[in-house]
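Student: I have a new structure to read. Can you take me through some of its features, one at a time?
Tutor: Gladly. Let us look at it together.

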Amino acid sequence: MRLVFMGPPGAGKGTQAKAVAEKYGVTHVSSGDIFRTEIAGNTELGGQIKAYLDSGALVPDEITVKAVVGRLGAARGADGWLLDGFPRTQAQAEALDEALEDDGEKLSAVIYLEVDTEIIVKRMAGRRVCPNCGRSYHTEHIPPKVEGTCDACGTRLITRDDDKPETVRQRLATYQQATTPLIEYYDRRGLLIRTDGTGTPDQVRARLFEQLKEVECG
Ligand code: AP5
Ligand code: MG
């Protein structure tokens, strides 16, 4: 299965992508996680991209395509992959199309998680993430068992640098402008699946798994 997860910042892409990747045994590739790992590791790439993430702007296409599409090769021959947060621009979507064509593969579906802005702002304000394993929590909706500590690996949870209100506003504006045209791009090709992203994470997951049954059957 080869899936793309789309949706506004804070829609729950990462939360649901982890569940889907586990269920189907596919590789979860998150562009945001890749970039945050580079920044945390003080690598050359991390230095080039930090200002974009800090301001809520997109990392330039050339850098992003190289960083993300390059990793899909590692999932070749496996049960597939799930792209979370990529593509985000028309140029990235076209680069993905080319990479798929080169490999003689096709996208199975594009999941579009739909959530209203009001809910999104609340979700991001309460988000806490594990800097070690990437799992995300919410102070109110999805609290860890021990306050401030990752259930999975025991690491101290942090607030993402780009979850400040002014950066969240910029990320939402960037999404509207650069990424929403892709909804139609994939819809026209019959690949788009709209998933209601509201409700508890379990409710969203159940909806998603139901919709994915049809994708599985081809
Ligand atoms: P990225 O990391 O992709 O961020 P994003 O798209 O803004 O999305 P988030 O990760 O913030 O949210 P999510 O949808 O994964 O939601 P989550 O599951 O965490 O990108 C960050 C930056 O990197 C970009 O701004 C850009 O600079 C750069 N970048 C990345 N990809 C790029 C690309 N392709 N091109 C160029 N630049 C790129 O959930 C959010 C919160 O809500 C959590 O606290 C969670 O616990 C909680 N939650 C989840 N589901 C529910 C629910 N059902 N009910 C209640 N709470 C919930
Ligand atoms: Mg995410």
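Student: In which loop is Asn42 found?
Tutor: First, a caution: this is a predicted model. Asn42 sits in the loop between H2 and H3.

Student: What is phi of Asn42 near?
Tutor: Start with the general idea. Most residues other than glycine have a negative phi. Now the case here. Phi of Asn42 is near 50°, a positive value in a residue that is not glycine.

Student: Which peptide bond, cis or trans, joins Phe86 and Pro87?
Tutor: The general idea again: most peptide bonds are trans. Phe86 and Pro87 are joined by a cis bond, with omega about 0°. Pro87 belongs to the loop between strand E3 (81-84) and H5.

Student: Next, helix packing. At what angle do H5 and H8 pack?
Tutor: Two packed helices are described by the angle between their axes and the distance between the axes. Take helix H5 (residues 90-102) and helix H8 (residues 181-188). Their angle is about 35°, and their axes are 10 Å apart.

Student: Which residues of H5 and H8 meet?
Tutor: H5 brings Gln90, Ala93, Glu94, Leu96 and Asp97. H8 brings Leu182, Tyr185 and Tyr186. By class, the contact of H5 with H8 has five nonpolar residues, one polar and two charged.

Student: How do the axes of H7 and H8 cross?
Tutor: Helix H7 (residues 165-179) and H8 have axes that come within 5 Å and cross at roughly 40°. H7 and H8 are therefore oblique to each other.

Student: Which residues of H7 and H8 meet?
Tutor: From H7 come Tyr175, Gln176, Gln177, Ala178 and Thr179. They meet Pro181, Leu182 and Ile183 in H8. The contact of H7 with H8 divides into five nonpolar and three polar residues, with no charged ones.

Student: Now the ligand. How many residues surround ligand 1?
Tutor: The count is 36. The closest are Thr15, Ala57, Arg88, Arg127 and Arg171. By class, the shell around ligand 1 has 14 nonpolar, 14 polar and eight charged residues.

Student: Which element gives the largest share of the shell around ligand 1?
Tutor: That is H2, with four residues.

Student: What lies 2.6 Å from an oxygen atom of ligand 1?
Tutor: A backbone N or O atom of Ala57 does. A polar side-chain atom of Arg127 is 2.7 Å from an oxygen atom of ligand 1. In the side chain of Arg123, an N or O atom lies 3.3 Å from a nitrogen atom of ligand 1.

Student: How much of ligand 1 does the protein bury?
Tutor: Ligand 1 taken alone exposes 1,000 Å², and the protein buries 97% of that. Among the elements that give two or more residues to the shell are helix H1 (13-24), strand E6 (136-138) and helix H9 (201-216).

Student: One last residue. Where is the place of Thr149?
Tutor: Thr149 lies in the loop between E6 and H7. Leaving out residues up to four places away in sequence, Thr149 touches Pro144, Gly154, Thr155, Arg156 and Leu157.

Student: How are Thr149 and Asp79 separated?
Tutor: Along the chain, Thr149 and Asp79 are 70 residues apart. Their C-alpha atoms are separated by 32 Å.

Terms used. Residues are numbered from 1 along each chain as its sequence is written. Chains are lettered from A and ligands numbered from 1 in the order in which they are written. This is a predicted model: local features need pLDDT of at least 70, side-chain atom pairs count only at pLDDT 80 or more; totals for chains, interfaces and linings use all residues. Side-chain values use heavy atoms; hydrogens and water are left out. A residue is near a molecule or strand if one of its heavy atoms lies within 4 Å of it. A polar contact is a pair of N or O atoms within 3.5 Å; within protein, one must be able to donate a hydrogen and the other to accept it, and residues adjacent in sequence count only if both atoms are side-chain atoms. Accessible areas come from the Shrake-Rupley method with a 1.4 Å probe; for residues, only the protein chains shown count as cover. Ala, Val, Leu, Ile, Met, Phe, Trp, Tyr, Cys and Pro count as nonpolar, Asp, Glu, Lys and Arg as charged, and the others, Gly among them, as polar. Axes are lines fitted to C-alpha atoms, for helices over the stretch in contact, and angles run from 0 to 180 degrees between N-to-C directions. Contact means heavy atoms within 4.5 Å. Angles under 35 degrees count as roughly parallel, over 145 as roughly antiparallel, 65 to 115 as roughly perpendicular and the rest as oblique.
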